[in-house]
Amino acid sequence: MEITVKSKSLFRGGDYGIIVFGTQDKTFLYETKDQIIKDTVNRASKKKLFSGKKNQVCVFDTASSETAQVVALCGIGTIGNNDAARNNVADAIRSLLKHGCSKVAVMIPETKDAGAFAQAVCEGILLGSYTFNKYKTVDNDDKAIKSVVLYSDKKYLADVENAANKAETITESVCLARDIVNEPGNNLVPEDVASFARKLAKDSKKLKATVYDVPAMEKMGMGGILAVGKGSVNEPRLITLAYKGRQSDKVDLALVGKGVTFDTGGISLKPDKGMEEMKGDMAGAASVLAAVHAIARLGLNINVTAVVGAVENMPGGKAYKPGDIIKTFNGKTIEVISADAEGRVTLADTVSYAFREIKADRVIDVATLTGACVVALGHVCSGSYTNNQAFMDLYKKAATDVDEKTWQMPMYEEYRDLNKSRIADVMNIGGGRDAGSITAAYFIYEFIEKRPWIHLDIAGVEMVNKTKGIYVYGGTGVPVRTFVKLSELISKTL
Ligand code: BES
Ligand code: ZN
Ligand code: ZN
């Protein structure tokens, strides 16, 4: 899809679909002299089909061969509601495609912050038209929007153009993350995650991918990743993707992602219902690799390294099992209670690697960690945890800015005690089913050091089971956009 920017004039494009925004007070933000569009808009208002209310999307055929053939009216409630615009445009673009449009014009309202609005609009267009059809050999509907023209007031043209470029870069990485979350487990094993990282590294001279195999991990003492990987013929990998965006040997931020390419539950086998969703158990890994890729392509002034322990959790003759005791990278021991609480066992190694070996100033780990998080927060937001409130506040600001919701969860000391083991330093399930997402966070807490850390439990938001707004059935690519925004915020302080 090609996105171009043009100066606003009387719109003439009979083969176009056109997207126009409305707010509740001023109703329409597109002052047109064109009678056909005016009539369509008036008809929709009179019939009370459209009032500019947030999240209203109405699509009408105009039967005009001169102006647009289809008009999509998008309600954003009030001006400045870029999140509504992002999602509405995504709905509208799919609807325009169904109406047979392959070219789309978007009228950017004349607001002070036309750049930010245009960025949200482009993100909506690019994320909303995402498809994953590579495995469809019949009924593969490959119709696509070919070109989009953003019409803007002359004085905002440069802002809008920059915004469009930025949105293209960011969403391309989000879609790469979605692609590998959507890949089935038979086509994405740990070595494929390594190849993905290597492929991303080719897009920038400032990116470097490093992959450690089993013998290398044995030397390093990565007991957690190795234990989880023992049940599978597809060997685990430790992967780093480092971006050096400023002249300093410091790593300003490490992003650690859970990379379980498929989670059967191992010897503590999961029930079969819904197990196919566990192909998405590497969504944390996908998000950190894709985020570093986007940060590099934007050339941000920051050093960021992604760390991934890629592993397949399978039952098998050599699989790790309940009762086993594992020695991790930082020397602490874990008593295994469930082979299905594997994510935290791998993160024990990767999080301590980010602190001890990479010596990152700040660490965020992101994982589809617990079903308990889905029970607590559903599919709306991630659960977040920290040892440093200022860092968390900055993260929340970034998340709010890009509309990837998160909810900070409590870390009362009492929860920590639940992970105590009688024969090892810690056990991998504490408190039975109680406070499952919190005890999992406290497990990871045992492997951090005294520097700012955030843990994100993204179980429930890594995939969607229906298409709505910017999210298309399957992987969401959350929280790539937050990581990029956060890196931008941090880079300004360096
Ligand atoms: N990958 C799962 C968590 C998960 C559940 C992710 C639903 C996405 C959607 C994780 O490895 C797991 O199995 N967790 C167990 C932990 C339990 C054994 C303490 C769970 O949540 O049931
Ligand atoms: Zn599991
Ligand atoms: Zn898992």
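Buried residues are those with under 20% relative accessible area, exposed residues those with over 50%, and partly exposed residues those in between, as computed with a 1.4 Å probe on the protein chains only. The model is a predicted one, in which local features need pLDDT of at least 70 and side-chain atom pairs count only at pLDDT 80 or more, whereas totals for chains, interfaces and linings use all residues. Residues are numbered from 1 along each chain as its sequence is written, chains are lettered from A and ligands numbered from 1 in the order in which they are written, and side-chain values use heavy atoms, with hydrogens and water left out.

With a relative accessibility of 0%, Ile454 counts as buried. Ile454 is placed in strand β17, residues 453-457, where strands (E, at least two residues) and helices (H or I, at least four) are DSSP runs numbered from the N terminus. Contacts, defined by heavy atoms within 4.5 Å, link Ile454 to Val363, Ile364, Asp365, Tyr385, Thr386, Phe391, Met392 and Tyr395, when residues up to four places away in sequence are not counted. The C-alpha atom of Ile454 is also separated by 7.0 Å from that of Asn387, although the two residues are 67 apart along the chain.

Two of the residues touched by Ile454, Tyr385 and Thr386, belong to strand β14 (residues 382-386), of which 5 of 5 residues are buried. In a regular strand the side chains alternate between the two faces of the sheet. In β14 both faces are covered, with Ser382, Ser384 and Thr386 buried on one side and Gly383 and Tyr385 buried on the other. Strands are taken to pair if DSSP finds at least two bridges between them, and β14 is joined by 3 bridges to the parallel strand β15, residues 406-408. Within this pairing, Ser382 has Thr406 of β15 as its bridge partner.

β8 pairs with strand β7 (residues 207-212) over 6 bridges in the antiparallel sense, with Lys208 standing opposite Ala242 of β8. β8 also pairs with strand β10 (residues 303-313), again in the antiparallel sense and over 8 bridges, and here Lys244 has Asn303 of β10 as its bridge partner. Elsewhere, 3 strands form an open sheet of mixed pairing in the order β11-β12-β16, whose edge strands, β11 (325-327) and β16 (426-427), each pair on one side only. Strand β11 is joined to β12 (residues 333-335) by 3 bridges in an antiparallel arrangement, and Lys327 stands opposite Thr333 of β12.

Ligand 1 is surrounded by 16 residues, of which the closest are Asp263, Lys270, Asp340, Glu342 and Gly371; a residue is counted as near if one of its heavy atoms lies within 4 Å. By class, this shell has 8 charged, 4 polar and 4 nonpolar residues, where Asp, Glu, Lys and Arg count as charged, Ala, Val, Leu, Ile, Met, Phe, Trp, Tyr, Cys and Pro as nonpolar, and the others, Gly among them, as polar. Both β9 (253-263) and α9 (342-356) supply at least two residues of the shell. An oxygen atom of ligand 1 is 3.2 Å from an N or O atom in the side chain of Lys258, while a nitrogen atom of ligand 1 is 3.4 Å from a polar backbone atom of Thr368.

Several backbone features lie in loops. Most residues other than glycine have a negative phi, and most peptide bonds are trans. Asn55, although not a glycine, has a positive phi of about 70°; Asn55 lies in the loop between α1 (35-46) and β3 (57-61) and is partly exposed, with a relative accessible area of 48%. Asp403, likewise not a glycine, has a positive phi of about 65°, but Asp403 is buried, with a relative accessible area of 17%, in the loop between α11 (389-402) and β15. A cis peptide bond, with omega of about 0°, joins Val478 and Pro479, and Pro479 lies in the loop between β19 (474-475) and α14 (480-491).

Conventions
Polar contact = N/O pair within 3.5 Å; in protein donor to acceptor, adjacent residues only side chain to side chain.
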